[in-house]
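Dear colleague,

Please find below the structure I am handing over to you, followed by an account of what was found in it.

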Amino acid sequence: MSARTAALGALFGKALGQLRTELQGYPDDQSVWRLAPGIRNSAGTLALHVTGNFQHFIGAGLGGTGYVRDRDAEFSDRDLPREALLRRVDETLAVVGKALGGLDDALLEQPFPAQVPPALAEAATTQTVLTYIYGHFNYHLGQVNYHRRVLTGVGGEG
């Protein structure tokens with residue numbers, strides 16, 4: 001593993017750890033799925049979405065895991081226990097660590113070896129795709145943090 005891929009792995013690992021902490025900050029399983037006025041997605045939905053995104057683009061796209069994404073289910077599945085969401089976060093962390101651990105700097109400069117996110121050009125480099133995915137994750141992580149604070153009234157990192 002190169003220094004650049006190790007740095008990426010550390011960033012992705014920290015972000016997934018923050019998602020885990022946010023989910024643990026809810027008082028019960030039901031509040032993870034509760035909606036508040038003006039908020040369209042629950043923390044549970046966002047957790048499913050971002051772990052699905054990582055599993056698809058990093059796990060399958062870079063790591064060859066064979067993961068088949070069901071994006072619609074990310075937004076329609078409801079009421080999973082928080083423990084099931086935390087397991088998904090942990091599984092995703094392991095998959096991302098393994099996939100990024102197999103990269104070297106030369107691959108980062110090559111076109112992404114699988115279908116890229118729709119917002120990016122087809123010839124986007126692996127570095128660009130990973131940067132985009134990281135930014136996308138953190139956007140949703142901020143939403144989870146805000147959702148938790150609105151529903152619980154408890155502040156915290158953000």
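**Helix packing and selected residues**

Helices α1 and α3 are roughly antiparallel to each other, because the angle between them is about 160° and angles over 145 degrees count as roughly antiparallel. Please note that the model is a predicted one. The axes of α1 and α3 lie 11 Å apart, and α1 passes α3 in a left-handed crossing. On the α1 side, the residues that meet α3 are Phe12, Leu16, Leu19 and Leu23; their counterparts in α3 are Ala43, Ala47, Val50, Thr51, Phe54 and Ile58. Sorted by class, this contact of α1 with α3 holds nine nonpolar residues, one polar residue and no charged residues.

Helix α1, residues 3-24, also packs against helix α7, residues 126-152, at an angle of about 20° and with the axes 10 Å apart. That angle makes α1 roughly parallel to α7. The crossing of α1 past α7 is left-handed. From α1, the contact draws on Arg4, Leu8, Leu11, Phe12, Ala15, Leu16, Gln18, Leu19 and Glu22. From α7, the contributors are Gln127, Leu130, Ile133, Tyr134, Phe137, Leu141, Val144, Asn145 and Arg148. The classes represented in the contact of α1 with α7 are 12 nonpolar, three polar and three charged residues.

In α3 the contact is formed by Gly44, Ala47, Leu48, Thr51, Phe54, Gln55, Ile58 and Gly59, and in α5 by Leu85, Arg88, Val89, Glu91, Thr92, Val95, Val96, Ala99 and Leu100. By class, the contact of α3 with α5 comprises 10 nonpolar, five polar and two charged residues.

Which residues of α7 are buried? They are Thr126, Val129, Leu130, Ile133, His136, Phe137, His140, Leu141, Val144, Asn145, His147 and Arg148. These buried residues pack against α1, α2 (29-33), α3, α5 and α6 (105-108). Thr128, also found in helix α7, counts as partly exposed, with 36% relative accessibility. The C-alpha atoms of Thr128 and Pro111 are separated by 9.0 Å, although the two residues are 17 residues apart along the chain. Just after α7, Gly153 takes a positive phi of about 75°.

Asp70 lies in the loop between α3 and α4 (71-76) and is partly exposed, with a relative accessible area of 45%. Asp70 and His56 are 14 residues apart in sequence, and 9.4 Å separates their C-alpha atoms in space. Asp79 is found in the loop between α4 and α5. Is Asp79 buried or exposed? Its relative accessible area is 60%, so Asp79 counts as exposed. The phi of Asp79 is near 60°, a positive value in a residue other than glycine.

With kind regards

Definitions and conventions: Residues numbered from 1 in each chain as written. Predicted model: local features only at pLDDT ≥ 70, side-chain atom pairs only at ≥ 80, totals over all residues. Heavy atoms only, no water. Axes fitted to C-alpha atoms, helices over the stretch in contact; angles between N-to-C directions. Helix = DSSP H or I, 4+ residues; strand = E, 2+ residues; numbered from the N terminus. Parallel < 35°, antiparallel > 145°, perpendicular 65-115°, else oblique. Left-handed = near helix turned anticlockwise from the far one by under 90°. Contact = heavy atoms within 4.5 Å. Nonpolar A, V, L, I, M, F, W, Y, C, P; charged D, E, K, R; others polar. Buried < 20%, exposed > 50% of the residue type's maximum accessible area, 1.4 Å probe, protein only.
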